[in-house]
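This briefing covers the fold, the salt bridges and the DNA contacts of the structure shown below.

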There are 2 protein chains.
Amino acid sequence: MVNEAKNNKHYHCPVEATLDVIGGKWKPLILWQLRAEKLRFSGLQQSMQGISPKMLTKQLRELEADGLVLREAYPEIPPRVEYSLTEFGKTVLPVLDALCEWGNGYLGRECVLDKNKDVKTADSISQ
Amino acid sequence: MVNEAKNNKHYHCPVEATLDVIGGKWKPLILWQLRAEKLRFSGLQQSMQGISPKMLTKQLRELEADGLVLREAYPEIPPRVEYSLTEFGKTVLPVLDALCEWGNGYLGRECVLDKNKDVKTADSISQ
DNA sequence: ATACTTAGTAACAAAAAGGATAGTATGAAA
DNA sequence: TTTCATACTATCCTTTTTGTTACTAAGTAT
């Protein structure tokens, strides 16, 4: 979405906006990878086998533009760039969790995503 | 998605499955329209200005195949077909609600979707 | 006989999303 | 001097999604 909602895009409903920001093939994965730790470009690339650098770059740029992800580039050679969730970015984790839980119910199997890391769950934030 | 998860599609994570089932441009809207009432094809078409009959048909067929929506056709002329949420379909409403709420926060404005109808909210189901 | 209604389908087109592969910049290490 | 590492960018291409418009079936009302 790249923050277009705040510029010119108009949504019928906020769900559309949310899906624009966190939807698609890769963004949920990226956000999930970053939920508990900073990761470098190469680290992200490896944790999501199959994504091309072009795609990863594009998704990260959009997430950054939407304020969910922080990009920190260090002036070194070879380059080092670290990605992490912003505070705002962390607010989507419960939403992702809700999506994950429903998906588990739908698929009738366990969540592949590693839940052992310290993350708020739908239950822990729901009251 | 049309239920492919249960056939051959494999997801990295359940979030992907969920987004396949309820994501896209129209499905959230359709599900929302059906949250409290049965609607005919023409009624759905009108409540979502802009959708073409082709798109609406396609989305409804997929939702039906995924078990979220029930289609009831009456043998009359002119034809009458009513669409409603199945019990399983109703289980996505809290998820939609979570997406809606986050979207509102993101957009900083009120939900366009009419919340005055009797629907479970994220709060009411969360404990 | 003709028009009207509803729930679609058919055929075609455009746009968006996603993918594959090669190339760039830069300094340090060998 | 050549190689290596990292974080990309550039091109080109395929697939998926979404849109547009016109058309059909079939009984009822006029």
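**Contacts with DNA strand C**

In the side chain of R71(B), an N or O atom lies 2.6 Å from a phosphate oxygen of DNA strand C. The elements that contribute two or more residues to the surface near this strand are α4 (53-65) of chain A, together with α3 (41-47), α4 and β3 (80-85) of chain B. The model is predicted, and every distance and area below is computed from it.

*Phosphate contacts*

- For R61(B), the corresponding distance from a side-chain N or O atom to a phosphate oxygen of DNA strand C is 3.3 Å.
- Sugar or phosphate accounts for 65% of the atoms of DNA strand C within 4 Å of the protein, and bases account for the rest.

*The surface near DNA strand C*

- There are 18 residues around DNA strand C, of which K25(A), K54(A), R71(B), P79(B) and Y83(B) come nearest.
- Helix α4(B) supplies the largest share of this surface, with 4 residues.
- Sorted by class, the surface near DNA strand C consists of 9 nonpolar, 2 polar and 7 charged residues.

**Salt bridges**

*Overall*

- Across all chains, a search of the whole structure finds 13 salt bridges.
- Side chains of opposite charge can pair when their charged atoms come close.

*Chain A*

- E72(A) and K38(A) form a salt bridge through their side chains, with an N to O distance of 3.1 Å.
- E72(A) belongs to strand β2 (residues 69-74), whereas K38(A) sits in the loop between α2 (27-33) and β1 (39-40), so this pair ties together parts of chain A that are 34 residues apart in sequence.
- Both partners are partly exposed: the relative accessible area is 24% for E72(A) and 43% for K38(A).
- A network of salt bridges links K38(A), E72(A), E76(A), R80(A) and E82(A).

*Chain B*

- The side chains of E62(B) and K27(B) meet in a salt bridge with an N to O distance of 2.6 Å.
- This pair links distant parts of the chain, 35 residues apart: E62(B) is in helix α4 (residues 53-65) of chain B and K27(B) in helix α2 (residues 27-33) of chain B.
- E62(B) counts as buried at 13% relative accessibility, and K27(B) is buried as well, with a relative accessible area of 2%.
- E62(B) also forms a salt bridge with the side chain of K58(B), at 4.0 Å from N to O.
- E62(B) and K58(B) both lie in helix α4 of chain B, 4 residues apart, which is about one turn of the helix.
- K58(B) is partly exposed, with a relative accessible area of 42%.

**Fold and surface of chain A**

*Secondary structure*

- Chain A contains 7 helices and 3 strands.
- Read from the N terminus, its elements follow the order α-α-β-α-α-β-β-α-α-α.

*Burial, contacts and exposed area*

- Chain A has 127 residues, of which 48% count as buried.
- Among contacts in chain A between residues at least 6 apart in sequence, 49% join residues at least 24 apart.

Definitions and conventions:
Residues numbered from 1 in each chain as written. Chains lettered and ligands numbered in written order. Predicted model: local features only at pLDDT ≥ 70, side-chain atom pairs only at ≥ 80, totals over all residues. Heavy atoms only, no water. Buried < 20%, exposed > 50% of the residue type's maximum accessible area, 1.4 Å probe, protein only. Contact = heavy atoms within 4.5 Å. Near = heavy atom within 4 Å. Polar contact = N/O pair within 3.5 Å; in protein donor to acceptor, adjacent residues only side chain to side chain. Nonpolar A, V, L, I, M, F, W, Y, C, P; charged D, E, K, R; others polar.
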